[in-house]
Amino acid sequence: MLISASRRTDIPACYPQWFLNRMREGFALVPNPRNLRQLSRVSLSGEEAEGIVFWTKNPLPLFPYLDELEGFGIPFGFQFTITPYGRDIEPNLPAKKELLKAFCTLSKRLGPEKMVWRYDPVILSEHWTVRRHLKAFTEMAKELAGQTRRCVFSLLDWYQKLPPEGKALASHLWTEEEIKEIAEGLSGIARQYGMTLSACCEEFDFSRFGVVREACISEPFAEAVVGAPIRGKKDAGQRKGCSCIQSADIGIYDSCLNGCLYCYANASRQAVLQNAANHQSSSPTLVGYPNPEAAIFQRKLPSIKVTQMEFPYQSQK
């Protein structure tokens, strides 16, 4: 199975020591988001975990542990978000030059196929015009040329889970002309620098603008991470329109300290600070210690590797 670390919080940026402790012990306990008295025991041993997908905006705190992480023998790759926004929107991230350098460092170590650049989300406002996005994207793509084969983008849309600040950022209603201009512009720039621009959970059809519809955790990306042919089922636990293959997420909501205004995974700053204060790197759960009365269930997902027996039989003629 694939381990997702994590769509719900930035584990490399905020909780790298906890993650390494979990790898050393070979498992993590993950609360059910809808019932905190239920815990899933997710194996992090090489017998079951076939690959790890890190979702991050800042992998730098994980860098001191990379040698040890590779020593566990479980391959990993990154969904790495780098946007052009400043600290008014992403208050707790390092300078973009540092993040671009970190991306290149990881790519040289892991290979560009295991690195996906996320230009996500695209905010359109009085300050962030289409023209400004295209200029910023060009500068970043030039820095990342040869370090990745793919960039994922999405438009910032209003939806209920956004915090108030995020809803304000998402108040702009995209016109079809603006969508055409941004999608066509970004895809053209991406091609110029050897990348494919793709979109995952977008209702709008971008294909006529040169944008590929492809899941973030697609089969080709998972194959690059795992290093073997794979066949994955669609992850039924993701939102409508998501076609990512199944993975076991070990994060929790309301725990990311990056503070991005558009983040849907944090309901409130107060909840984040409270959870961060309760974090213990020695605990099997990301926040606090498990309730002794909690029910623990073993999380079982099928192997995604294609075995030799699964290859289609071809008759000899």
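Reader: Why is aspartate 10 said to have no salt bridge, although it is buried?

Author: In this predicted model, the nearest side chain of opposite charge to aspartate 10 is that of lysine 57, and it is 6.8 Å away. A salt bridge requires a side-chain nitrogen of Lys or Arg within 4 Å of a carboxyl oxygen of Asp or Glu, so aspartate 10, with lysine 57 at 6.8 Å, has none.

Reader: What makes the pairing of aspartate 10 with the side chain of threonine 56 a polar contact?

Author: The two side chains come to 2.8 Å, and the cut-off for such a pair of N or O atoms is within 3.5 Å, so the contact between aspartate 10 and threonine 56 counts as polar.

Reader: Where is aspartate 10 found along the chain, and which residues is it in contact with once its neighbours within four places in sequence are left aside?

Author: Aspartate 10 belongs to the loop between β1 (2-5) and α1 (11-14), and with those neighbours set aside its contacts are Tyr15, Trp55, Thr56, Lys57, Asn58, Cys256 and Asn258. Serine 6 lies in the loop between β1 and α1 as well, and a cis peptide bond, with omega about -5 degrees, joins serine 6 to alanine 5.

Reader: Which other residues are joined by a cis peptide bond, with omega about 5 degrees?

Author: Those residues are aspartate 120 and proline 121, and proline 121 lies in strand β6, which covers residues 115-122.

Reader: Why is serine 171 called exposed?

Author: The relative accessibility of serine 171 is 52%, and exposed means over 50%, so serine 171 counts as exposed. Serine 171 is found in the loop between α6 (164-169) and α7 (176-192), and its C-alpha atom is separated by 38 Å from that of serine 281, which is 110 residues apart from it along the chain.

Reader: Why is aspartate 254 called buried, and what is noted about its phi?

Author: Aspartate 254 has a relative accessible area of 19%, and because buried means under 20%, aspartate 254 is placed among the buried residues. Its phi is near 60 degrees, which is a positive value in a residue other than glycine, and aspartate 254 is found in the loop between β10 (248-249) and α9 (269-278).

Reader: How many cavities of 30 Å³ or more are counted, and which residues line the largest cavity?

Author: The count comes to one cavity of 30 Å³ or more, and the largest cavity has a volume of about 30 Å³. Its lining is made up of Ile123, Leu124, Leu156, Leu169, Ala170, His172 and Trp174.

Note on methods: Residues numbered from 1 in each chain as written. Predicted model: local features only at pLDDT ≥ 70, side-chain atom pairs only at ≥ 80, totals over all residues. Heavy atoms only, no water. Helix = DSSP H or I, 4+ residues; strand = E, 2+ residues; numbered from the N terminus. Buried < 20%, exposed > 50% of the residue type's maximum accessible area, 1.4 Å probe, protein only. Lys, Arg positive; Asp, Glu negative; His and termini not counted. Polar contact = N/O pair within 3.5 Å; in protein donor to acceptor, adjacent residues only side chain to side chain. Contact = heavy atoms within 4.5 Å. 1 Å grid on protein atoms, 1.4 Å probe; cavity = no way out; pocket = protein on both sides within 12 Å on 5 of 7 lines; lining within 4 Å. Points joined across faces, edges and corners; volume = space filled by probe spheres on them.
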